[in-house]
Amino acid sequence: MELKVSTRSHGGHTVMAVVGEIDLYTAPRLQAEFARLLQESTTNLVVIDMSGVEFCDSTGMNVLLSALKRLRERGGALEVAGPRPAVRKILQVTGLDSVFTVHETVPEELLTAEPKA
């Protein structure tokens, strides 16, 4: 299954919407999007909208942790929004729900940004 990633940046924050499955085969695409975002942007807060993610394995979780580490190194944060039950369970079982701030949906104030690519 293909992984679709789109970003919207506005006022120091970015919402990254992900649709599909994040696994061994698609994780490099997500990794590349994070690398591009962190290289091209000065954003301090990235909220990853996972409402369209049906499955995420340990490879995908490692991509998120790597992005979180890089953002924290520059004083930023990575938050997770809208995880479906299967993804939420992975976050809970691994204890990552206490590492990431997890929102039920993308915070309303972050939805005002215009789509970029």
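This is a predicted model: local features need pLDDT of at least 70, side-chain atom pairs count only at pLDDT 80 or more; totals for chains, interfaces and linings use all residues.
**Entry 1: what sits over helix H2**

I began with the cover over the buried residues of helix H2, and it includes strand E2 (13-22), H1, strand E3 (45-56), strand E4 (77-81) and helix H3 (85-94).

Which residues of H2 are buried? I found Gly60, Met61, Val63, Leu64, Ala67, Leu68 and Leu71. They cover an arc of only 155° around the axis, so they lie on the same side of H2. I then turned to the other side of H2, where Ser58, Lys69 and Glu73 are exposed.

An α-helix has 3.6 residues a turn, so residues three or four places apart point the same way.

I also checked the length of H2. Its 16 residues should span 22 Å at 1.5 Å a residue, and because the end C-alpha atoms are 22 Å apart, the two agree.

**Entry 2: helix H1**

Next I went through H1 in the same order. What covers its buried residues? My list includes strand E1 (4-10), E2, E3, H2 and E4.

The buried residues of H1 are Ala27, Leu30, Glu33, Phe34, Leu37 and Leu38. Their arc around the axis is only 125°, which puts them on the same side of H1. I noted that a Glu, Glu33, is among these buried residues. Gln39 and Glu40 are exposed, on the face of H1 turned away from its buried side.

For length, I counted on 14 residues in H1, and the reach from the first C-alpha to the last is 20 Å, close to the 20 Å expected at 1.5 Å a residue.

**Entry 3: looking for empty space**

Rolling a probe the size of a water molecule over the atoms shows where empty space is left. How many cavities of 30 Å³ or more does the whole structure hold? My search turned up 1. The largest cavity has about 30 Å³ of space in it.

I wrote down the whole lining: Gln31, Phe34, Leu38, Val63, Ser66, Ala67 and Arg70. By kind, the lining residues come to 4 nonpolar, 2 polar and 1 charged.

Some names came up again from my earlier entries. Phe34 and Leu38 line the largest cavity and are also on the buried list for H1. Val63 and Ala67 are in the lining too, and both are buried in H2.

Notes. Residues are numbered from 1 along each chain as its sequence is written. Side-chain values use heavy atoms; hydrogens and water are left out. On a 1 Å grid over the protein atoms alone, a cavity is a set of points where a 1.4 Å probe fits but cannot get out, and a pocket is an open set with protein on both sides within 12 Å along at least five of seven lines; lining residues have an atom within 4 Å of a point. Grid points are joined across faces, edges and corners, and a volume is the space filled by probe spheres set on the points. Ala, Val, Leu, Ile, Met, Phe, Trp, Tyr, Cys and Pro count as nonpolar, Asp, Glu, Lys and Arg as charged, and the others, Gly among them, as polar. Helices (H or I, at least four residues) and strands (E, at least two) are DSSP runs, numbered from the N terminus. The expected span of a helix is 1.5 Å times one less than its number of residues. Buried means under 20% relative accessible area, exposed over 50%, partly exposed in between (1.4 Å probe, protein chains only). The arc is that of the directions from the helix axis to the C-beta atoms. Contact means heavy atoms within 4.5 Å.
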